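Have the sequence and the 3D view ready as you read.

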Amino acid sequence: MKLTIKTREAEQSCLALLQLCDVVPKLTQIQAHIVKLGLRSNPLVLTKFAATASDLKAVDYASSVLFSPDSDTHLYDTFLFNTIIRAYSQTSHAKRKALRFYRVMVKGGVLPNKFTYPFVLKGCAGVGDLRLGKSVHGSVVKYGFGDDVHVRNTLVHMYCCCGGGVVSARKVFDEMQSSDSVAWSAMIGGYVRVGWSSDAVEMFREMQMRGVRPDEVTMVSVLSACTDLGALELGKWVESYIEKAGIQKSVELCNALIDMFAKCGNVDKALKLFRRMSGRTIVSWTSVIDGLAMHGRGEEAVCLFEEMIGDGVELDDVVFIGLLSACSHSGLVDEGKSYFSMMVERFGCVPKIEHYGCMVDMLCRAGHVKEALEFVRKMPIKPNPIVLRTLISACRAHGELKLGESITKELIRAEPMRESNYVLLSNIYAKMNHWEKKTKTREAMDKKGMKKIPGSTMIELDNEIYEFVAGDKSHKQSKEIYKMVDEMGRKMKRAGYVPTTSEVLLDIDEEDKEDALNRHSEKLAIAFALLNTPPGTPIRIVKNLRVCDDCHSATKFISKIYNREIVVRDRNRFHHFKDGLCTCRDFW
């Protein structure tokens with residue numbers, strides 16, 4: 001009896017000390033106290049010890065104490081293991097250790113409970129291992145926790161985070177008897193993560209019909225889907241829904257709204273939201289600078305960056321990527337060079353490959369191909385394929401075809417299974433009129449089972465997203481669309497338009513080349529918009545690739561002939577066409 005009282009007193013003493021512990025040095029002293037009192041195998045005290053270590057970001061220290069070679073672990077219980085597994089699942093760097101201690105737990109005969117699996121599954125999500133996730137799912141079913149709502153929610157999240165797991169996530173979701181906003185948010189976020197943004201929007205609509213109230217996490221994912229689709233009208237509706245539903249506007253949600261408006265073509269609205277925002281973070285500033293960069297408003301991006309410095313915001317390397325990109329898209333070569341030097345010398349940021357990539361892009365866009373090549377040669381880190389592809393595209397655009405051929409061959413040796421490298425080489429041979437070499441390159445692609453990514457253009461109309469590919473005849477208005485394309489062609493030629501047939505990389509006659517250009521996806525999308533929207537209203541389209549020279553030239557003519565403002569978001573930036581001019585000033 002006396003021994004039990006003494007043990008309880010010792011337990012309470014240690015628990016009280018751990019409750020007050022706020023620094024790691026104190027924790028090490030308490031650990032020595034635990035040993036001295038003979039409690040080094042006491043699960044209650046050790047669970048609190050592990051929890052305190054987790055709060056102090058010292059879980060590695062705790063696990064080294066609890067699972068040292070001379071530790072007696074046979075008394076360790078589920079709660080203690082759960083605490084260690086949870087702690088590791090919440091780290092940014094050691095989620096795999098959560099799975100390791102789960103295996104130690106099961107191997108040691110300690111039965112998991114329904115609180116174990118959300119943390120284990122979070123660990124699986126963090127490492128993105130689908131096979132491992134499926135194995136843990138099997139254990140969930142085996143131990144009878146398959147119907148627990150928190151476990152199922154985390155299963156959905158885990159599958160969404162693992163490559164190739166989104167279909168399994170939807171299967172788990174559909175099997176849930178009732179699903180709360182957590183499950184819906186996880187599923188919508190999963191669709192966005194794999195680029196199935198239309199499915200994410202559709203699921204959000206279904207969520208509303210089911211009467212499930214979304215939270216701020218849901219809305220951040222929905223806004224990300226709008227951003228990906230370039231769906232400005234839908235994004236505006238989401239903003240008004242947030243207001244009407246009284247959803248709390250966290251900093252993350254405000255940043256998502258800013259990012260959506262900037263990347264869906266309304267950067268002025270993004271700026272307005274940014275100005276009204278009270279708790280701006282580095283992400284807020286970066287989103288607006290990135291948005292201005294995409295719209296070719298480099299001078300404004302530079303001014304905002306200078307304001308950011310004046311406000312004493314602590315800069316990171318990411319904001320410099322946006323700034324250098326802004327200089328690149330606006331032809332601010334001298335400013336870009338100056339900010340690159342400032343980043344290193346004044347702010348102590350070590351340039352990453354992305355910063356070097358921006359500098360190469362900036363020099364290439366300005367036509368300084370030889371200087372860009374020299375810059376790459378002097379880089380302290382090896383250029384990645386993106387940098388090399390930038391050089392190759394510049395060589396093709398500025399007539400340095402032999403140099404482009406040489407770099408592309410080097411790239412193919414480094415990445416023999418990447419189809420875009422063969423496309424680049426094929427395009428260079430077409431520009432050189434080396435049709436036989438071009439054909440052989442295409443044949444090499446076919447032998448390896450590679451296909452060129454087809455150009456596609458999306459347009460939002462009456463709450464629907466329509467997608468067109470080159471030569472598309474699948475739309476129900478296909479006949480009318482092609483009639484409109486022909487009308488556009490006739491009117492453009494009368495206005496002085498000359499097709500850029502060098503863009504057609506096929507060994508065919510000029511007339512066939514013109515016909516191929518007329519079937520480009522952006523021309524089909526614009527024709528569809530002219531047929532289905534009131535005269536004089538803006539047209540907004542999203543292209544998955546860089547807009548070609550011919551479509552860029554044609555869109556300038558169309559904007560003037562039909563008195564339309566046409567906003568095009570391509571892979572690199574925004575183009576605002578009005579009265580026969582483009583905001584990029586033919587520099588993109």
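## A patch, some rings and a buried helix

Val 167, Val 194 and Trp 196 make a nonpolar surface patch of about 270 Å². A patch here is built from residues with over 30% relative accessible area and no salt bridge, with nonpolar side chains (Val, Leu, Ile, Met, Phe, Trp, Tyr) joined within 5 Å; a salt bridge is a side-chain nitrogen of Lys or Arg within 4 Å of a carboxyl oxygen of Asp or Glu. Areas come from the Shrake-Rupley method with a 1.4 Å probe. Trp 196 sits in the loop between helix 11 (181–193) and helix 12, and helices are DSSP runs (H or I, at least four residues) numbered from the N terminus. With a relative accessible area of 36%, Trp 196 is partly exposed, since buried means under 20%, exposed over 50% and partly exposed in between.

Keep in mind that this is a predicted model, where local features need pLDDT of at least 70, side-chain atom pairs count only at pLDDT 80 or more, and totals for chains, interfaces and linings use all residues. Residues are numbered from 1 along each chain as its sequence is written, and side-chain values use heavy atoms, leaving out hydrogens and water.

Now for the rings. The whole structure has 22 aromatic pairs, meaning rings of Phe, Tyr and Trp (its six-membered ring) with centres within 6.5 Å; planes under 30 degrees apart are stacked, over 60 edge-to-face, and the rest tilted. Here are two of them:

| Pair | Centre to centre | Between planes | Type |
|---|---|---|---|
| Phe 204 and Tyr 241 | 5.8 Å | 90 degrees | edge-to-face |
| Tyr 356 and Phe 375 | 5.9 Å | 50 degrees | tilted |

Phe 204 is in helix 12 (residues 197–209) and Tyr 241 in helix 14 (residues 232–245), so this pair ties together parts 37 residues apart in sequence. Phe 204 is buried, at 3% relative accessibility. Tyr 356 belongs to helix 21 (residues 353–365) and Phe 375 to helix 22 (residues 369–378), so their pair ties together parts 19 residues apart in sequence. Tyr 356 is buried too, at 8%.

Phe 274 is one of the buried residues of helix 16 (residues 267–276).

Definitions and conventions:
Helices (H or I, at least four residues) and strands (E, at least two) are DSSP runs, numbered from the N terminus. Buried means under 20% relative accessible area, exposed over 50%, partly exposed in between (1.4 Å probe, protein chains only). Patches are made of residues with over 30% relative accessible area and no salt bridge: like charges are joined within 9 Å, nonpolar side chains (Val, Leu, Ile, Met, Phe, Trp, Tyr) within 5 Å.
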